[in-house]
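Here's a protein to explore together. Take a look at the sequence and the 3D structure, and then we'll walk through some of the details.

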Amino acid sequence: VQLQASGGGLVQAGGSLRLSCAASGSIFSINVMGWYRQAPGKQRELVATITSAGSTEYADSVKGRFTISRDNAKNTVYLQMNSLKPEDTAVYYCYADLVESSWSRADYWGKGTQVTVSS
């Protein structure tokens, strides 16, 4: 199983970016998908998660600015980031809590994509 993230980059404050993360491999089902981020010198923190049923959770710092969504048929999760602030600068990691075809449950992480917001 692999998680491949894309969509990071450099943007000015107030701008927007859209991150995508596709899960591939021997997957039976995916329970929760989400995004975490880690800024230099800080711990990794939750940004947003979404269940297979579409229930979402957001960090207070991104509520109203970020929107998480997923395409279950494509095993893909998206993060639409609007009104970006310099403090959103971090490496963003996608995450999946899934059941493999072997029926074992496991957590997987993508390699991370850099988001840099300039002031």
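Is E45 buried, exposed or partly exposed? E45 is partly exposed, with a relative accessible area of 35%. Those words have cut-offs: buried is under 20% relative accessible area, exposed is over 50%, and partly exposed is in between (1.4 Å probe, protein chains only).

## Before we start

This is a predicted model, where local features need pLDDT of at least 70 and side-chain atom pairs count only at pLDDT 80 or more, while totals for chains, interfaces and linings use all residues. Residues are numbered from 1 along each chain as its sequence is written, and side-chain values use heavy atoms, with hydrogens and water left out.

Let's begin with strands, which are DSSP runs of E with at least two residues, numbered from the N terminus. Four of them make an open sheet, in the order β1-β3-β8-β7, with antiparallel pairing. At the edges sit β1 (2–6) and β7 (66–71), each pairing on one side only. On average, neighbouring strands here are turned by 15° against each other, direction ignored; the axes behind that angle are lines fitted to C-alpha atoms, and angles run from 0 to 180 degrees between N-to-C directions.

Strands pair if DSSP finds at least two bridges between them. For β1 and β3 (residues 17–24), which run antiparallel, there are 5 bridges. Look for Q4: the residue opposite is A22 in β3.

## The nonpolar core

Next up is the largest nonpolar core, with 31 residues. A core like this is a set of buried Ala, Val, Leu, Ile, Met, Phe, Trp, Tyr and Cys residues joined through side-chain atoms within 4.5 Å. Within this core, W35, V47, F66, I68, L79, M81 and Y92 touch the most other members. Elements giving two or more residues include β4 (27–38), β5 (45–51), β8 (76–81) and β11 (113–118). The top contributor is β9, with 5 residues.

Leaving aside neighbours within four places in sequence, Y92 is in contact (heavy atoms within 4.5 Å) with residues including W35, V47, F66, L79 and M81.

## Salt bridges

Side chains of opposite charge can pair when their charged atoms come close. A salt bridge here is a side-chain nitrogen of Lys or Arg within 4 Å of a carboxyl oxygen of Asp or Glu, and the structure holds 5 of them. At 6% relative accessibility, R37 counts as buried, yet its side chain meets that of E45 in a salt bridge (2.7 Å, N to O). R37 also forms a salt bridge with D88, where the closest N and O atoms are 3.0 Å apart. R37 lies in β4 and D88 in the loop between β8 and β9, so this pair ties together parts that are 51 residues apart in sequence.

Now for D97 and R105, whose side chains meet in a salt bridge at 2.5 Å, N to O. D97 is buried at 8% relative accessibility, whereas R105 is exposed, with a relative accessible area of 59%. Elsewhere, salt bridges that share partners join R37, E45, R65 and D88 into one network.

## A stop at G9

Finally, find G9 in strand β2 (residues 9–12). G9 counts as partly exposed, at 22% relative accessibility. Not counting residues up to four places away in sequence, G9 touches L17, Q114, V115 and T116. The C-alpha atoms of G9 and T89 are separated by 9.9 Å, although these residues are 80 apart along the chain.

Conventions: Helix = DSSP H or I, 4+ residues; strand = E, 2+ residues; numbered from the N terminus.
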